Amino acid sequence: MGQSNGDIGGGEGIRRRSCDCLKQDFLPEESFKSWGNYTKALKATPARLLDRLTARSGEHIELVEMKARSQHEMKKSLTWWDLMWFGIGAVIGAGIFVLTGLETKKHAGPAVVLSYVVSGVSAMLSVFCYTEFAVEIPAAGGSFAYLRVELGDLVAFIAAGNILLEYIIGSAAVARSWTSYFATLCNHHPNDFRIHVSSFPDSYNQLDPIAIIVIIVICTLAVANTKDSSCFNHIASIFHVAIILFIVIAGLTKANLKNFTPFAPFGPRGIFVAFAVLFFAYVGFDAVSTMAEETKNPAKDIPIGLVGSMVITTLAYCILAVTLCLMQPYQQIDEDAPFSVAFEAVGWGWAKYIVAAGAIKGMTTVLLVNAVGQARYLTHIARTHMISPWFAKVHERTGTPVNATATMLAATAIIACFTSLGILSNLLSISTLFIFMLVAIGLIVRRYYVSGETTPSDRNKLIICLVLIVGSSIATAVYWGSSDGWIGLVVSNFIWFLSTLALWLGVPQAKKLRVWGVSLIPWLPSLSIAINLFLLGSIDNASFERFGIWTGILLVYYILIGLHASYDSVMESKTTAGEVNSSL
């Protein structure tokens, strides 16, 4: 990609182009200035695609040139304290009040606490992978920027495009759930505050104006100032912690140790089946990594903030799970509202309102952190010109990406207004696990491959080891889902172990870290790859179908527009850098 030249001030010309909200600001590249230019660009598609597939971005490009394309810089106002509370706010949503009861009753029994421990440790592996990248490449694009540097434009664009759709769908589902919980809190049926339109198709005829209002409020907070959003998140999260403490203390006063027997009624397999579901209660921390560009001291703040939030979240989940299982026998736990029903069973029916308030708070902060994270993903994609650079603008006064934030939340509001929770839940994506896996692969590539330094022999060994690690992990997931036996699992896991061991002993690390790095390489990212692929094996077919369809749409867009826009942007940067060098 010509990092040495592209790193030098090439953003100035692009920055001038994106200052005005004019028609040409949306497709300002040379390939789109006329139909003749676009026809020539399409004819050059194979060569341009090969160039983008074989090129890699550079860390300096992501941190200097890409930032210059936003017209103004984001304000560095966040500390580890802010990041930790953002992490807690992003992860601890309403799911804890539902998933715990479902998995305790159906799969794990009181051993659900072990499922939460395994899930927390597994999520921590992904946190460590993200943390090294966020410290070394503190850019707003999060995983998109990391994958551009290590795996190239196309992989980064497909991954980011999928996770943006998941953000929109997930936030729309949370916004509609907010309305349902609010109605319950007001002693109404969940649909009482929705508007029924009989002429609309089923599943799209319950309009939700409250969801739109909530999203507008969240949008206002997100665009105003990141520090103000952090302060709001602090207050809301402290309120949530108070509710969790109430549930734990009040619940333990009604504890009965006999309810912990039998501890694991469904055996070890039930614990791991529950783990595959409960892992999703930890998803959300990736949005915090997109705030690295606004962090005062990334080397210190990001590791403490991300790891600290995950430790606190895991402890909270485990304590809540223990409390629930001590209050009721696992057979009697309600699948839909476990804590509310448990309090009613011990004569404290009024406590359900406190639980509902906690769920509303959780959903509010999840919406806020999602709004902040998804806007920064979109902003960094726009900086590369894979989408319109208009979305890359950062407001001079607030230091936030106003265009990206408003656009993403407008799409979320439209979907939340019309689409039922049933439809939205069926559309939930596999994108998060897919990106977690890619980031782990990217971390291994980052440590073991440096262009111009790694020998062809070591490069080939790295490729073989990665193929075996991924292949054996897929085999484990497939065998787990299709068989109750253990022989196949032992074989596939043994191949994974040997592959990781061969990488550890047979390929020298090539990357010298500047700031902070993860220990236990390659074991930690290799285990993260295996776990995320294992979890992908538990996803339903509808999600894979959606993933395939949306990925196909993204590929068509990339070939027709994104490829040519980003190629022109790179060529312009090279030209500008060359002119600067010649003048010097």
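Reader: Where is Ile-487 found?

Author: Ile-487 sits in helix α22. Keep in mind that this is a predicted model.

Reader: Why is Ile-487 called exposed?

Author: The cut-off for exposed is over 50% relative accessible area. Ile-487 has 68%, so Ile-487 counts as exposed.

Reader: What makes the nonpolar surface patch?

Author: Five side chains are named: Ile-464, Leu-468, Ile-487, Val-491 and Ile-495. Together they make a patch of about 480 Å². Two elements, α21 (456–482) and α22 (487–506), each give two or more residues to the patch. The largest share, three residues, comes from α22.

Reader: How many salt bridges does a search of the whole structure find?

Author: The search finds 14 salt bridges.

Reader: Why is the contact of Asp-82 and Lys-227 called a salt bridge?

Author: A side-chain nitrogen of Lys or Arg must lie within 4 Å of a carboxyl oxygen of Asp or Glu. For Asp-82 and Lys-227 the N to O distance is 2.8 Å, so the pair meets the definition. In general, side chains of opposite charge can pair when their charged atoms come close.

Reader: What does the pair of Asp-82 and Lys-227 tie together?

Author: Asp-82 belongs to helix α6 (residues 80–91), and Lys-227 to helix α12 (residues 226–252). The pair therefore ties together parts that are 145 residues apart in sequence.

Reader: Why are Arg-446 and Glu-136 called buried?

Author: The cut-off is under 20%. Arg-446 has 1% relative accessibility, so Arg-446 is buried. Glu-136 has 0%, so Glu-136 is buried.

Reader: What about Arg-148 and Asp-153?

Author: Their side chains meet in a salt bridge at 2.9 Å, N to O. Arg-148 is buried at 2% relative accessibility. Asp-153 is buried, with a relative accessible area of 2%.

Reader: Which residues join Arg-148 and Asp-153 in one network?

Author: Asp-51, Arg-52 and Glu-62 do, through salt bridges that share partners.

Definitions and conventions. Residues numbered from 1 in each chain as written. Predicted model: local features only at pLDDT ≥ 70, side-chain atom pairs only at ≥ 80, totals over all residues. Heavy atoms only, no water. Patch = residues over 30% accessible without salt bridge, like charges linked within 9 Å, V, L, I, M, F, W, Y side chains within 5 Å. Areas by Shrake-Rupley, 256 points an atom, 1.4 Å probe, with all protein chains shown as cover. Helix = DSSP H or I, 4+ residues; strand = E, 2+ residues; numbered from the N terminus. Buried < 20%, exposed > 50% of the residue type's maximum accessible area, 1.4 Å probe, protein only.
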